[in-house]
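This report describes a structure made of protein chains. Please look at the sequence and the model before reading on.

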Amino acid sequence: MKQGIKVHAITLVITTAVFLLGVFLGMNFEQGKTSYVESHYDDLKRMVSNTELEFYFIQTLQSHMPCDYFVEESYDLTLEADRLAKKLDDYESNQGFNDPDWLSLKKDYTISLIKNWIFVEKIRRECSANYTTILYFYDSGCRSACEDLSFYLSYFKNRDKKLMVYALQSDLDMQIMELINGAYNVTEIPSIVVNGHDKFTNLSTRSEIESALCSSENALDFC
Amino acid sequence: MNPLLLVNMVFTYSLLYFLVFWMVTYILNRDEMLKDPAPKEFPSLSIIIPVRNEVSTIRKCIQSAVDLEYHGDKEVIVVDDASTDGSSEVCQEFADKELIKLITRDEGGQGKHVPLNIGVREAEGELISTMDSDSWYDEKTMMNCVGYFEDPEVMGVRTSIKVAKPKTFLQLAQKVEYIFGLFLAKTFNFFNSVYVLPGPGGVIRKSFIDEHGEFRNNITEDMEMGLRIQKHGYKLMSSINAVTYTVTPRGFRSLFRQRLRWLTGFIENFFGYRELWGKGVLGTFLFPMTFWLMPSSIIFVWASFLKPGIDLFRSLQRLHLVNYDFLPFLLNIRLADFFPLLHINSTSLVTLMLAPISLFMITVSYRMVKEKNSGLETFLFMFLYPYVLAIISIASFCLSARRRVTKNDSHKLWVKA
């Protein structure tokens, strides 16, 4: 009996210590993940600000618009935003302890993404760039329909790099999202806006989606 | 907090506690761990071998019983339970040997307890050792365990069962499992918590059977007998040096059948021996903890394996939307796309704390039984085998919940695939 109590006591101490060590390591890992994604977000933010500043400089002080340069920048920005979006999605689905930190990061990312889209759209119009921008609206409650549309957009994006997709969570509690939702009258989810002016909803089949994407004035390879 | 996450954390803590408890028991008693009492007396011994369709191993099994070193009277009772694969002919080869009594049944398959009890009734020895026909003795098995019976409180002794010549990945993982099991069983000794008298080589006093009944019609009659010994306040010991060898299932299907029987038997005996609940370390810790770890392992498997697997399956399933044109995805795939499959997050790091404790115990187990450990078998046991067992746990809980226990059901699980 006495040995039983002694063993239980020692076991309790060791088990709790090991368990707490695991929790501590886990929380540090979460913090590390947050820092890692934050640093990538900072890179993106810097890229966007840098490119916007370049554009402003050219517009204000220069006469010649280096369209080739800015079109290339658009592709780079969108690629970087895309990579960051994947990291955010992956980490969101594997969330551990610190949910509020991710939400804050996601909001910051959304602001950068929208700036990215505005810049890319501006270049597309001013330089007659031959890419197509898609604003894709989803929300946190949307499951199957959004997952399917997201899958289709990934598929078409992989088929033609000239398709630039910006996924926005419509129900994020942010003023800019309210503004954009209002500007495009986003009432149904999922929805897409092609090149900043044509809105499409109730897209469920491949042909419908393809048709919507191909309505762009710029020809995509798969159209 | 997510309820699944909470269960996962509680499971991890429970399993950690369980492992650490026996690790601490080992550390406090390590001088005693490798010792079995030296025998001074050699009560007469009856070895009972029930046989049903084990032609590949029965010769080796019977021969090992004949060759078994024992300094007292010994008899070997082979009960052929109407085998149809040639086992009967092999048994006949031994019929004329002096030590052997061969009993042949015309009708078999009513459960292992039937040929066992036939053997018990024929037995003249004070001690009875049962031997499964797919297992065999080491020459010194009985010399290393008979010393325990000098304590009149000891009614049974279990041997150290090792896996014979593992070949497949599953058998390699089972090798580690069995060796780890030897370690645990020996530590159970210190709290009189051994509760299974396994078929391969388990030894029991005939007087206990005479007083408390023969082997019962139970899915796991060896566990039932072990718990009966505990129930009546006697001791069931585990010998580390009394080695027997067994052939383990090669593939998933046969392993599934075996473990389904074991786990279902555990659940039914757990409830069948409620009087043991709350008594000693067996009733307050080992029994309830084992019972808890089984279903909670399902949550663990779900969170760390099944859910990511289902997510991946759903992703792949969506390929039908694009007529399985996976080439655009394949051409743009990056290494980082595979990272989510690792499912590393803060909670999985907590679960990883199980790894060093388990590794320590496996290392000690191997040293105790003087076996060589290849990294592959430990890897298989620690990182793949738990999922196999958890899936079987799910099935056994479902089966046990739906099953009506009748006397005619158990034999169907005894007959091998």
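How many residues of chain B are in contact with chain A? In this predicted model, 38 residues of chain B are in contact with 40 residues of chain A, contact being heavy atoms within 4.5 Å.

## Basis of the report

Residues are numbered from 1 along each chain as its sequence is written, and chains are lettered from A in the order in which they are written. Local features need pLDDT of at least 70, side-chain atom pairs count only at pLDDT 80 or more, and totals for chains, interfaces and linings use all residues, while side-chain values use heavy atoms, with hydrogens and water left out.

## The interface

About 3,500 Å² is buried between chain B and chain A, with carbon and sulfur atoms giving 68% of that area. Buried area is the accessible area (1.4 Å probe) that two parts lose on being put together, summed over both.

The rule finds two salt bridges across this interface, each a side-chain nitrogen of Lys or Arg within 4 Å of a carboxyl oxygen of Asp or Glu. One of them joins B:Arg318 to A:Asp148, whose closest N and O atoms are 2.7 Å apart.

## Chain A

Chain A has six helices and four strands; helices (H or I, at least four residues) and strands (E, at least two) are DSSP runs, numbered from the N terminus. The C-alpha atoms of chain A fill a box of roughly 85 × 45 × 30 Å, taken along the principal axes. Of its 223 residues, 46% count as buried, meaning under 20% relative accessible area (1.4 Å probe, protein chains only).

Note on methods. Buried < 20%, exposed > 50% of the residue type's maximum accessible area, 1.4 Å probe, protein only.
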